[in-house]
Each structure stands twice: as structure tokens, then as C-alpha cells.
Amino acid sequence: MVDLAMSNTPHIIDGREVKTKPALPHSKKHNIRQLFIRDLHLETTCESLEEFFQQWGEVESVFKRYPQTNRSRGFGFVTYSQSYMVDQAMSNTPHIIDGYEVETKIAKSHSVNELNIKVDEKKVFVSGIYRQSEHDLYLYFKKFGNIISIKIVRDKYTGNIKGFGFIKYDVQSSVDKALSIRNHLVAGGRLLTKKALCRRI
């Protein structure tokens, strides 16, 4: 339809001639070839990540682990050889990798430092909180390790729970244990856990 419209120029609207041209897809317009993927399972490898996203084009590189420890970040980047492949991947969401639905976005930069994002290695993000209290969370999550603090986020005006919160442990290994279980049944409700991300200061 775009080709048909462009073949019938000039276009006169309200008595005035207007200039028209095909709009480039978002990723082409900004020459973006990289995706940012979060909520990755701890056992997801670079190989399985690359294999999944290759169905929409040639993958040049995959980045998801700390080079020093080879530990999973909980998020990663996939870089395609052509920008249109990003559009194809984004038009086929949701993405299910290793049995888990991940969040996929077009990356606005090409490094973790530029994105200004880091993982809080000792903190767990918990979602699905509606009826549970801090005490309920403590009774359940203490089995994974020594808890430093628990915070359920509430609306500052109404005091209503917003549905998520954070649990901070004293060591990273406790976080890994908590994240090894995707779904947690706490006080009659199902909670989901993932690594907590925060902005660099």
C-alpha cells in the first residue's frame, strides 16, 4: 500500500501540496541492531540465547555474563547483523526462552555502562505481592539465607501495595538460591522472583 501511495504523487491535502516519503522502521531510523533482554533464567546460556534469536536473522554477538566469574547477569544483549532483524524479533513477542517469558526491548546503547544499569547482587525483586506482609515474606524467604531487609513498595498517598517489593540478603549465594525457584507460594499467593536492577549513581 505504501508503494501504491508513493506512485501517486504529488499529494494535495486541503489544497496544498505535501511532501511524502516512506517512514523507516524505528530500528533502521536509529541504526539500532541490538536488543536488551531481561528476566533471563539463571541457567540460560549464551548459546541458547543466540539459538533462539537466530530465527529472525544473523546474530553477530551475545553478551550476558560477567567475564570474571562467568555468572549470569539476569539480563543480556543480542546484536544482529542488520537493523531490520530487530524489528522482526520485536514483532514476534512474547519471547519464551528455556521455558520462561523474558522482557525484550530495543537497546538504546551498546554497553551496560552506557545503559547505566547494574545488578544489585544481594537483592531480589519480588512481584505478585498483594495480600502478603513483610512478615510473610520473611518467614518464607529466610530459608534461602540471612535477610538484611524486606521492603514492600506502597503508594505514598494511599498506602496500597503496588504489587512488588525487594528482599536484601547478606550474601549473593542466598540470592542465587532464591532465584533457583521461579514461582514461590507464599501466604496463599504465587510470587515471582528475579534479580533486582538499579541505576548507577
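This is a predicted model: local features need pLDDT of at least 70, side-chain atom pairs count only at pLDDT 80 or more; totals for chains, interfaces and linings use all residues.
Me: What percentage of the 201 residues counts as buried?

Reply: Burial is read from relative accessible area: buried is under 20%, exposed is over 50%, and partly exposed is in between, using a 1.4 Å probe and protein chains only. Of the 201 residues, 38% count as buried. Tyrosine 80, in strand S5, is one buried example, with a relative accessibility of 0%.

Me: Which residues does tyrosine 80 touch, beyond those up to four places away in sequence?

Reply: A contact means heavy atoms within 4.5 Å. With those neighbours left out, tyrosine 80 touches Arg33, Leu35, Phe53, Trp56, Gly57, Glu58, Val59, Glu60, Met85, Val86 and Ala89. The C-alpha atoms of tyrosine 80 and glutamine 54 are 8.7 Å apart, although 26 residues separate them along the chain. Across the protein, 65% of the contacts between residues at least 6 apart in sequence join residues at least 24 apart.

Me: Which members of the largest nonpolar core touch the most others?

Reply: In soluble globular proteins, nonpolar side chains tend to be buried together. A nonpolar core is a set of buried Ala, Val, Leu, Ile, Met, Phe, Trp, Tyr and Cys residues joined through side-chain atoms within 4.5 Å. The largest one here has 17 residues, and Val124, Val126, Leu137, Phe141, Ile167, Tyr169 and Leu191 touch the most other members. Two or more residues each come from strands S8 (117-127), S9 (147-154) and S10 (161-169) and from helices H6 (134-141) and H7 (172-179). A second, separate core has 16 residues, including Ile37, Phe52, Trp56 and Met85.

Me: Where does the largest cavity lie relative to domain 1 and domain 2?

Reply: On a 1 Å grid over the protein atoms alone, a cavity is a set of points where a 1.4 Å probe fits but cannot get out, and lining residues have an atom within 4 Å of a point. Points are joined across faces, edges and corners, and the volume is the space filled by probe spheres set on them. There is 1 cavity of 30 Å³ or more, and the volume of the largest is about 160 Å³. Among its 16 lining residues, Leu40, Arg182, Thr193, Lys194 and Lys195 are closest to the centre, while strand S12 gives the largest share, 4 residues. Domain 1 (34-106) and domain 2 (119-197) both contribute to the lining, so the cavity lies between them; the domain bounds come from an automatic or database assignment.

Me: Which peptide bond is cis, and what is its omega?

Reply: Most residues other than glycine have a negative phi, and most peptide bonds are trans. The bond from threonine 93 to proline 94 is cis, with omega near 5°, and proline 94 sits in the loop between helix H4 (84-90) and strand S6 (95-97). Positive phi occurs at aspartate 98, near 55°, in the loop between S6 and strand S7 (100-106), and at alanine 187, about 50°, in the loop between strand S11 (183-186) and S12. Aspartate 98 is partly exposed at 44% relative accessible area, and alanine 187 is partly exposed at 44%.

Notes. Residues are numbered from 1 along each chain as its sequence is written. Side-chain values use heavy atoms; hydrogens and water are left out. On a 1 Å grid over the protein atoms alone, a cavity is a set of points where a 1.4 Å probe fits but cannot get out, and a pocket is an open set with protein on both sides within 12 Å along at least five of seven lines; lining residues have an atom within 4 Å of a point.
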